[in-house]
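Dear colleague,

I am passing on a structure that you have not worked with before, and below it I have set out what was found in it. Please read the text with the structure open beside you.

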Amino acid sequence: MYASALNPDALSYRRRRGWAKSDEQMAILVMRVSGMPYKRYFLSRAWPAWRSRGTSTPWSDRIDPKQGVIRLVFGLGTRAVNRVGGDYPRMIAVSSPKLRPEVGVKAAKYSQRETDLLDLQANELVTVPASELLADKDYPT
């Protein structure tokens with residue numbers, strides 16, 4: 001926890017948002033990973049990460065940033081917390097859950113492309129194209 005708070009990327013993120021001089025509150029959250037085995041993988045169908053501060057730039061004036069924003073991803077949830085270039089979580093404003101930040105062609109552009117799973121045979125975290133799993137006719141719906 002302490003090392004991640006002092007990570008150069010985290011410090012830069014805080015500086016860009018004007019939070020560099022504020023007291024950084026840290027907490028440890030221990031959660032059971034809920035999911036299911038699927039073929040050689042273990043995954044959760046969806047994983048939310050909630051930001052209580054909301055978003056610094058709401059995409060609509062109908063959003064109350066004080067209520068927070070949820071990032072929802074397919075897989076183990078690592079991509080909801082650790083942003084990966086070109087791969088986007090589904091953003092949900094708690095105050096207006098049906099309001100999407102993107103419309104039309106942008107909805108496809110700003111979507112999740114890969115998912116992180118546990119490979120039960122190799123006993124390691126792996127990244128698999130989300131389309132590969134979702135296109136599998138045996139994938140449970």
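Read along the sequence, the protein chain runs α-α-β-β-β-β-α-β-α-β-β-α, a pattern that comes from 5 helices and 7 strands. Helices (H or I, at least four residues) and strands (E, at least two) are DSSP runs, numbered from the N terminus. This is a predicted model, in which local features need pLDDT of at least 70 and side-chain atom pairs count only at pLDDT 80 or more, while totals for chains, interfaces and linings use all residues. Residues are numbered from 1 along each chain as its sequence is written, and side-chain values use heavy atoms, with hydrogens and water left out.

For the chain as a whole, 29% of the 141 residues count as buried, where buried means under 20% relative accessible area, exposed over 50%, and partly exposed in between (1.4 Å probe, protein chains only). The chain exposes about 9,800 Å², and carbon and sulfur atoms supply 56% of that area; accessible areas come from the Shrake-Rupley method with a 1.4 Å probe, and for residues only the protein chains shown count as cover. Among contacts (heavy atoms within 4.5 Å) between residues at least 6 apart in sequence, 53% join residues at least 24 apart.

Turning to the strands, E6 and E7 pair in the antiparallel sense over 6 bridges, and E2 and E6, which also run antiparallel, are joined by 2 bridges; two strands count as paired if DSSP finds at least two bridges between them. Within these pairings, Glu 114 has Pro 129 in E7 as its bridge partner, and Tyr 41 stands opposite Asp 119 in E6.

Because Arg 40 lies in the loop between E1 and E2 and Asp 119 in strand E6, the pair ties together parts that are 79 residues apart in sequence. Arg 40 is partly exposed, with a relative accessible area of 32%, whereas Asp 119, at 7% relative accessibility, counts as buried.

Arg 100 and Glu 102 form a salt bridge as well, and their closest N and O atoms are 2.6 Å apart. Here Arg 100 is partly exposed at 35% relative accessible area, while Glu 102 is buried at 10%.

Lys 39 is not a glycine, and yet its phi is positive, at about 50°. Lys 39 sits in the loop between strand E1 (36–38) and strand E2 (41–43), and with 56% relative accessibility it counts as exposed. Asn 123, again not a glycine, has a positive phi of about 55° and is placed in the loop between strand E6 (114–119) and strand E7 (124–129). The hairpin of E6 and E7, to which Asn 123 belongs, has 4 residues between the strands, and Asn 123 is exposed, with a relative accessible area of 69%.

With kind regards

Key:
Salt bridge = Lys/Arg side-chain N within 4 Å of Asp/Glu carboxyl O.
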